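Hello,

Here is the structure we talked about. Please open it alongside this note; what I found follows below.

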Amino acid sequence: MSARAPVSDDVHVEVVHDHHEAGHGSRRGYITGFVLSAILTAIPFWLVMAGVFTDPRVTSLVIMAFAVAQIVVHMVYFLHMNARSEGGWTMMALIFTIVLVVIALSGSLWVMYHLNTNMMPMSPGDMRNMP
């Protein structure tokens with residue numbers, strides 16, 4: 001949007017207001033994001049299906065790391081979030097999203113661990129003693 005702002009009676013200066021600081025995606029950026037997303041999906045799938053790690057805790061931590069990396073890839077390549085756009089508010093949104101993801105992932109793992117510990121199948125002897 002442009003407007004003419006008078007400086008004096010005879011001189012006019014062209015003022016350009018550009019509120020779109022964030023760069024819109026290019027085809028190359030979208031393809032890069034898609035390829036990274038596919039790789040960040042295929043590697044954890046392969047890790048689980050091939051049984052690369054014997055300890056399930058290590059596998060879950062590696063998968064969570066790939067999930068966080070994929071969230072960042074989506075935010076950068078598809079949502080176009082960076083430190084310069086929207087006056088830094090998108091960086092605040094990124095930090096907020098990361099905090100929520102950490103809370104959701106750690107809470108989910110905590111709940112699943114305790115369900116696994118407290119709800120394991122009973123032995124046949126324990127089943128006979130049930131009311």
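First, a term: two residues are in contact when heavy atoms lie within 4.5 Å. With that in mind, the buried residues of helix H3 pack against helix H2 (56-77). Keep in mind that this is a predicted model.

The overall layout comes next. The chain holds 4 helices and 2 strands. Reading from the N terminus, the order is β-β-α-α-α-α.

Now back to H3. This helix covers residues 89-118, which is 30 residues. From first C-alpha to last, H3 spans 43 Å, close to the 44 Å expected at 1.5 Å a residue. Which residues of H3 are buried? They are Thr 90, Leu 94 and Val 101.

On burial across the chain: of its 131 residues, 12% are buried. The exposed surface comes to about 10,600 Å². Carbon and sulfur atoms supply 69% of that area.

Contacts across the sequence: take those between residues at least 6 apart. Of these, 49% join residues at least 24 apart.

Last, charges. How many salt bridges does a search of the whole structure find? The search gives 1. Its partners are the side chains of Arg 57 and Asp 55, at 3.6 Å from N to O. Are these two residues buried or exposed? Arg 57 has 62% relative accessibility, so this residue counts as exposed. The cut-off for exposed is over 50%. Asp 55 has a relative accessible area of 27%, so this residue is partly exposed.

Best wishes

Conventions:
Residues numbered from 1 in each chain as written. Predicted model: local features only at pLDDT ≥ 70, side-chain atom pairs only at ≥ 80, totals over all residues. Heavy atoms only, no water. Expected span 1.5 Å × (residues − 1). Buried < 20%, exposed > 50% of the residue type's maximum accessible area, 1.4 Å probe, protein only. Areas by Shrake-Rupley, 256 points an atom, 1.4 Å probe, with all protein chains shown as cover. Salt bridge = Lys/Arg side-chain N within 4 Å of Asp/Glu carboxyl O.
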